[in-house]
Amino acid sequence: MVRKRPYVCGIDAALDVVGGKWKVLILWALSTGTKRFGEVKRELPGVSVKVLTEQLRELEADEIVTRHEYDETVPRVEYSLTEFGRSLNEALGPLGAWGARHRARIESLRANA
C-alpha cells in the first residue's frame, strides 16, 4: 500500500494500519497466541473468508502479523503477532477498556439511531 499524503498525526498513522472493520478484531483474536486461519475465523463471526484473507495479508504487509506456512501433507498456515503487532495491541488496550466501560451506553445509542 502506497500512501499519497503524509500523516497528519500519530492517530492518523495508527488508524491507517488498523482501519477497517476486522483488523482490530484480528489483533484481539491473535493476542492470546498463534492461531490457524480457521481458529481466527471462528473467533470473528460474520467475517468472510475473502475479507479475512485480505485483512490478514494487509496486516502481514504492515509487519503486524506474521504468517508461517508448514510444508505438510495437509497444508497448515499459522498467524501470530509480531513484536510490532504486540505493541499496537498494547496501545489499543485503553481503547478497548473505554469501550467496555461504555458498551451499554453505546449499544443503547446505536439501537435508538
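I worked from a predicted model, where local features need pLDDT of at least 70, side-chain atom pairs count only at pLDDT 80 or more, and totals for chains, interfaces and linings use all residues. Residues are numbered from 1 along each chain as its sequence is written, and side-chain values use heavy atoms, without hydrogens and water.

**Largest pocket.** I looked up its volume and found about 400 Å³. A pocket here is an open set of points on a 1 Å grid over the protein atoms alone, where a 1.4 Å probe fits, with protein on both sides within 12 Å along at least five of seven lines. Lining residues have an atom within 4 Å of a point. The lining includes Val24, Trp28, Asn89 and Trp98. Helices H2 (23-30) and H5 (83-111) each give two or more residues to this lining. Helices are DSSP runs (H or I, at least four residues), numbered from the N terminus. H5 gives the largest share, eight residues. By class I noted seven nonpolar, four polar and no charged residues; Gly counts as polar.

**Second largest pocket.** I read a volume of about 180 Å³. Among its lining residues are Ile11, Leu15, Val24 and Leu92. Helix H1 (10-18) and H5 each supply two or more residues to the lining.

**Helix H2.** Which residues of H2 are buried? I found Lys23, Ile26, Leu27, Ala29 and Leu30; buried means under 20% relative accessible area (1.4 Å probe, protein chains only). They lie on the same side of H2 because they cover an arc of only 160° around the axis. The arc is taken from the directions from the helix axis to the C-beta atoms.

Note on methods. Points joined across faces, edges and corners; volume = space filled by probe spheres on them. Buried < 20%, exposed > 50% of the residue type's maximum accessible area, 1.4 Å probe, protein only.
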